[in-house]
Amino acid sequence: MGEAFKEWVTEGMSKEAFDPSFSDLQALLAKRDNSVYLFAGSRSPSGPLVGDFFAIGSGAEYALGAYKACGDPFRAVEADIECDPFCGPPIVSMQLRTPDANQPPTIRRAIRLLRNFGGGTAT
């Protein structure tokens, strides 16, 4: 489903091409202008989001709470993994708002890691 969703986004997110199964998907869309949008149960994204740390998925509340408590995104995701049995390594991180943020080789590496391990936790 992730690949089909990515294709739908890159092809312009038309209403006609929206697959109803995407309604069960949560995704973050980071644009080149550093704006971030959330897809959660809708064809229309929410945003742009404001913040330094975003989390989605079954352990999002754990990760967000831990981040608020400690201020360290990696420790927050480690806490998420400890609390939520559906989250696990590897931890894949993509930085926004830096000059070299989200270069295509980094994005491809992150996707490859998640695919090879059959899942994982991304920050």
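In what order do the elements of the chain run from the N terminus on? The elements run α-β-β-α-α-β-α-β, and the secondary structure comes to 4 helices and 4 strands. Helices (H or I, at least four residues) and strands (E, at least two) are DSSP runs numbered from the N terminus.

The model is predicted: local features need pLDDT of at least 70 and side-chain atom pairs count only at pLDDT 80 or more, while totals for chains, interfaces and linings use all residues. Residues are numbered from 1 along each chain as its sequence is written, and side-chain values use heavy atoms, with hydrogens and water left out.

The mean pLDDT (the predictor's confidence in each residue, from 0 to 100) of the chain is 80, and 76% of the residues reach 70 or more. Confidence is highest in helix 2, at 92, and lowest in strand 4 (residues 121-122), at a mean of 52. Of the 123 residues of the chain, 24% count as buried, that is, under 20% relative accessible area, where exposed means over 50% and partly exposed in between (1.4 Å probe, protein chains only). Among contacts (heavy atoms within 4.5 Å) with a separation of 6 or more, 35% are accounted for by residues 24 or more positions apart.

Helix 2 (residues 60-70) and helix 3 (residues 73-83) have axes that come within 8 Å and cross at roughly 140°. Axes are lines fitted to C-alpha atoms, for helices over the stretch in contact, and angles run from 0 to 180 degrees between N-to-C directions. The two helices are therefore oblique to each other; angles under 35 degrees count as roughly parallel, over 145 as roughly antiparallel, 65 to 115 as roughly perpendicular and the rest as oblique. On the helix 2 side, the contact is made by Tyr 62, Ala 63, Ala 66, Tyr 67 and Cys 70, and on the helix 3 side by Pro 73, Arg 75, Ala 76, Ala 79, Asp 80 and Cys 83.

Glu 61 also has its place in helix 2 and counts as exposed, at 61% relative accessibility. The C-alpha atoms of Glu 61 and Asp 80 lie 8.1 Å apart in space, with the two residues 19 apart in sequence.

Gly 41 is found in the loop between strand 2 (36-40) and helix 2. With a relative accessible area of 45%, Gly 41 is partly exposed. Not counting residues up to four places away in sequence, Gly 41 touches Ser 23 and Leu 25. Gly 41 and Ala 27, 14 residues apart along the chain, have C-alpha atoms separated by 9.6 Å.
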